[in-house]
Amino acid sequence: MATFQAPKGTYDLIPPVSVKYLAVREAIAAPLRNSGYGYIETPGFEDVGLFARGVGESTDIVSKEMYAFETKGGDQLALRPEGTASVLRAALEASLHKKGNLPVKLWYSGSYYRYEKPQKGRYRHFSQVGAEAIGAEDPALDAELIILADQAYRSLGLRNFRILLNSLGDKECRPVYREALQSFLSGLDLDEETVRRAEINPLRVLDDKRTDVQKQLVGAPALRDYLCDACKAYHEEVRTLVTAAGVAFEDDEKLVRGLDYYTRTTFEFVHDGLGSQSAVGGGGRYDGLSEMIGGPALPSVGWALGVDRTVLALEAEGIDLGIPAATSVFAVALGEEARRVLFGKVTELRRAGVAADFSYGGKGLKGSMKDANRSGARLTVVAGERDLAEGVVQLKDMESGEQAPVALADLVDAVRARLA
Ligand code: HAM
């Protein structure tokens, strides 16, 4: 019979590697929880129009990479390619912004889907942990998010990442720059698709990775020279606050990002050990997104960090997270009566909060001890008929190899004392 495999561009998270993903998600979430961000979860799919309008028709994400489909009921939906539009949609729908407690600070963790050409670090199903601070225009909020992402990466032991920072201007100054850039681009020799992109979102042409395009872009007008005074002052304040926190960054005026909703602050976290898919996270301010999806003006800022790429970054730096074994005690029972008694003891240990596992499947001593070793447990409890007749079990320390009988009634206390 035919067997099945994970779809192209996807992979399964399986033990023992899967614990790393949990640890990374937890490490990114911890500083957010500690900074006033509340947890939000939204559906895996949304009305396709939310992303078309929010993320932008001209982006690769919407025009080429979206898993869009019609349901049997005739709804036009899409698997979410990113989290920001969904989170803002949910906040608006629940009127979180009307409760007088702006900014609304939210964090999330989940799966996202993009029909991309798969390669190392680029998948069709991937996971992000993200944060959005909705409804406040305050450079300290932009700085907070950059500082928290830095803290998250550092808590994992990562060192070889860089923070790229830019400002994309606002609705006052960006249109002036846009026009100047468009008129510059119209004088270049570009392919049809790029010409079309130049018409819809000329800033994204600056992001073109092809060398023949980059060559022609030398001498293009720089956004820096067009920023209005308000945007300049805002950006300076973000830079000052991030610097004061001791977080290093690089100014990168080429940083445009692949989503259309950004205004003012944009940033990206890149890791130097990942090859071409080097962005481990990114974000920025999106002051106009709420209005784009039918809400009131709600200036906001956020980021999303890629869990898959963060795990790759850990591997690139050779970082062992030192995750302790999940099981502390492993019970090996020899014979029917011992099985019954020890199974009861395992239940008791678990109820007492001790991570315990049991040798299932009626294996002999040798096979069971192999299981005990594999589990990584510090202690093994072994009992056969003779032990039970004496009212004891053998408690073995897997590190020292020492073994001693312990009265059955004292087992839970003895285990706790040894593990303490
Ligand atoms: P993004 O830059 O598209 O931003 O994605 C953020 C991160 O998700 C990337 O830096 C990368 O680590 C990871 N990622 C994206 N695509 C893939 C893929 N195909 N395979 C593996 N990892 C991937 C956003 O999604 C914005 N919503 C971030 C944001 C939040 N901006 C404001 N608030």
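This is a predicted model: local features need pLDDT of at least 70, side-chain atom pairs count only at pLDDT 80 or more; totals for chains, interfaces and linings use all residues.
A polar contact here is a pair of N or O atoms within 3.5 Å; within protein, one must be able to donate a hydrogen and the other to accept it, and residues adjacent in sequence count only if both atoms are side-chain atoms.

Residues are numbered from 1 along each chain as its sequence is written, and side-chain values use heavy atoms, with hydrogens and water left out.

**Stop 1: the whole chain**

Start with a cartoon view. Along its principal axes, the C-alpha trace spans about 90 × 55 × 45 Å.

**Stop 2: the ligand**

Now select the ligand and the 27 residues around it; Glu 82, Glu 116, Tyr 123, Glu 132 and Tyr 262 come nearest. To count as near, a residue needs a heavy atom within 4 Å.

Zoom in on Gly 281: one of its polar backbone atoms is 3.1 Å from an oxygen atom of the ligand. Val 280 also has a polar backbone atom 3.1 Å from a ligand oxygen. Over at Tyr 123, a backbone N or O atom lies 2.8 Å from a ligand nitrogen. Taken alone the ligand exposes 660 Å², and the protein buries 96% of that (Shrake-Rupley method, 1.4 Å probe).

Next, colour β6 (125–134), β10 (279–285) and β11 (300–306), the elements that give two or more residues to the shell. β10 supplies the largest share, six residues.

**Stop 3: a three-strand sheet**

Select β2, β4 and β3, which form an open antiparallel sheet in the order β2-β4-β3. Strands pair if DSSP finds at least two bridges between them. β2 (45–47) and β3 (68–70) stand at the edges with a single partner strand each, so one side of each has no neighbour in the sheet.

Finish with β4 (residues 76–79), which pairs with β3 over three bridges. Show Ala 68 and look across to Ala 78, its bridge partner in β4.

How values were computed. Helices (H or I, at least four residues) and strands (E, at least two) are DSSP runs, numbered from the N terminus.
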